[in-house]
Amino acid sequence: MAKSMVCQYWNEKMETLPRPELEAYQLEQLKTMVAYALRTPFYRERLGREGIRSGEDIKSLADLKRIPFTTKQDLRDGFPYGFLSISRDEVIRLHASSGTTGTPTTIYFNREDIGRWTSFVARCIYGTGCNHTDVFQNMITYGLFTGGLGFHAGGEAVGMLVIPSGAGNTTRQFKLMQDFGTTVVHATPSFLLHVESKMREEGVGRDSIKLKRAFAGAEPYSEDTRRRIESLLGIDVYNSYGLSEMNGPGVAFECQAKNGLHLWEDGYIGEIVNPDTLEPVPDGETGELVLTILCREATPILRYRTRDLSAFYPEPCICGRTHRRLHRIKGRTDDMLIINGVNLFPSQIEEVIMSIKEVGNNYLIVVEKDGVLDRLTVKTEVGPEIFMDDARPLNALRERIRKILQASITINPRVELHEPGTLPISEGKAKRVLDNRPRDI
Ligand code: DLL
């Protein structure tokens, strides 16, 4: 790989700020965030216990360690206004997490917060080589979910023509792409795979659309999935990471080197900790990502335990940006399955099956009880070139997938092959795991 590369920076000064200056900037922003946080009863109590009663009590970045962690449960307990640190009438927007696993968590923005968030998203988009000549189709859910409006505003800031198509309805998506000459899309990786399958099914020729790039995120996916989307659609795919507690998209993004996601450290402080001991782990080692927001006055959240597993690359990127890179998110600590005592992340299965070319674009992992044991079934669609009524090659393929999986995950799964387009798809984040085991009370 080249030692350096030519890149376009949205904000060259901040993106290439030497580390000592970047850290000095972080310290000033942290003091400001702590001062805002202290306006909420939650942080007044939590920080007060550690002797932090004003932003000025933070003397260096090392003082971050004095700040207790904030968890999803804390945010839920504070629903709806517990983490709001400015007057309600200065707030111009709220977003909320989906709340699929309980009470939603809500975040608030004032006008400046929205401006800062937008410029981080614009930085991500521009850094992939996009500019005002692009036509951007935002194929992701709008509404309370941050992906829609977040990318919409970022795209407009870059000056692209933004098509707010939202998620779903692939036939209409193709029509929009053809009518307006879409060059860039944003979607979940699972939806991009679905789009590709549908294109083939509906006979939409690749040469009838002008697509060059996609931003894919909001859910975990493997490097093989990225390569698969890139080669099937003939585009560049950039990994996009964010979470609603930290504004939404625009937290970390790949540059054109496509080798790790730059965490925008002028907007967020990142730490990787051991999820059990909560002690920091060395660069390069996987742990739980903890984030502190530096760019939102209305809802400052300090040392948030994301539950996302990642690691920092120890070495700087060839693109010249000084902001550290995160590894592709491996999954969430709460996604880990324990199958007959063996720990397994769904991403380990995806990594294996997406590298097998006869496997189609959709899969589902099912876990059940079989007597006292757990049983793992991996259901995958097959590619369009596989004939479902030809039993012998099908059995051979099933057996090959099973063997490759077993060698990699050390669990012997059942493998089921399904026709293309028959496994469930979702418009938002894909639901890849069905754990049907009875819960212990
Ligand atoms: O998913 C924000 C977003 C929108 C990110 C659009 C990227 C693009 P939440 O709904 O709060 O926010 O979900 C956040 O999704 O903690 C991760 O577990 C997961 N996630 C997000 N991006 C990625 C990614 C948005 N690139 C949660 N890779 C996070 C892996 C991701 N997981």
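What follows is a chat about the predicted model shown above.

Visitor: Hi! What should I know about the model before we start?
Guide: It is a predicted model, in which local features need pLDDT of at least 70, side-chain atom pairs count only at pLDDT 80 or more, and totals for chains, interfaces and linings use all residues. Residues are numbered from 1 along each chain as its sequence is written, and side-chain values use heavy atoms, with hydrogens and water left out.

Visitor: Great. How is the protein divided?
Guide: There is a domain 1, covering 1–334, and a domain 2, covering 337–435. Those bounds come from an automatic or database domain assignment. Taken over C-alpha atoms, the centres of the two domains are 30 Å apart.

Visitor: And how many residues does each domain put into the contact?
Guide: Domain 1 contributes 24 residues and domain 2 contributes 19 residues. Contact here means heavy atoms within 4.5 Å.

Visitor: How much area do they bury between them?
Guide: About 1700 Å², with 50% of it on carbon and sulfur atoms. Buried area is the accessible area (1.4 Å probe) that two parts lose on being put together, summed over both.

Visitor: Which residues of domain 1 lose the most area to domain 2?
Guide: Those are D224, R228 and K330, which together make up 30% of what the domain 1 side buries.

Visitor: How many salt bridges cross that interface?
Guide: The rule finds zero salt bridges between domain 1 and domain 2. A salt bridge would be a side-chain nitrogen of Lys or Arg within 4 Å of a carboxyl oxygen of Asp or Glu.

Visitor: Then how many residue pairs are in polar contact there?
Guide: The rule finds 13 residue pairs across the interface, both residues at pLDDT 80 or more. A polar contact is a pair of N or O atoms within 3.5 Å; within protein, one must be able to donate a hydrogen and the other to accept it, and residues adjacent in sequence count only if both atoms are side-chain atoms.

Visitor: Which helix gives the most to the domain 1 side?
Guide: Both α8 (189–202) and α9 (223–233) supply at least two residues each to the side that touches domain 2, and α8 gives the most, with six residues. Helices (H or I, at least four residues) and strands (E, at least two) are DSSP runs, numbered from the N terminus.

Visitor: New topic: which residues does the cis peptide bond join?
Guide: F79 and P80, with omega about 0 degrees. P80 sits in the loop between α4 (72–77) and β1 (93–96). As background, most residues other than glycine have a negative phi, and most peptide bonds are trans.

Visitor: Speaking of phi, what is the value at A218?
Guide: A218 has a positive phi of about 80 degrees although it is not a glycine. The loop between β6 (213–217) and α9 holds A218. T410 also has a positive phi, of about 60 degrees, and lies in the loop between α11 (391–409) and β19 (414–418).

Visitor: Is T410 buried or exposed?
Guide: T410 is exposed, because its relative accessible area is 59%. A218, at 26%, is partly exposed. Buried means under 20% relative accessible area, exposed over 50%, and partly exposed in between (1.4 Å probe, protein chains only).
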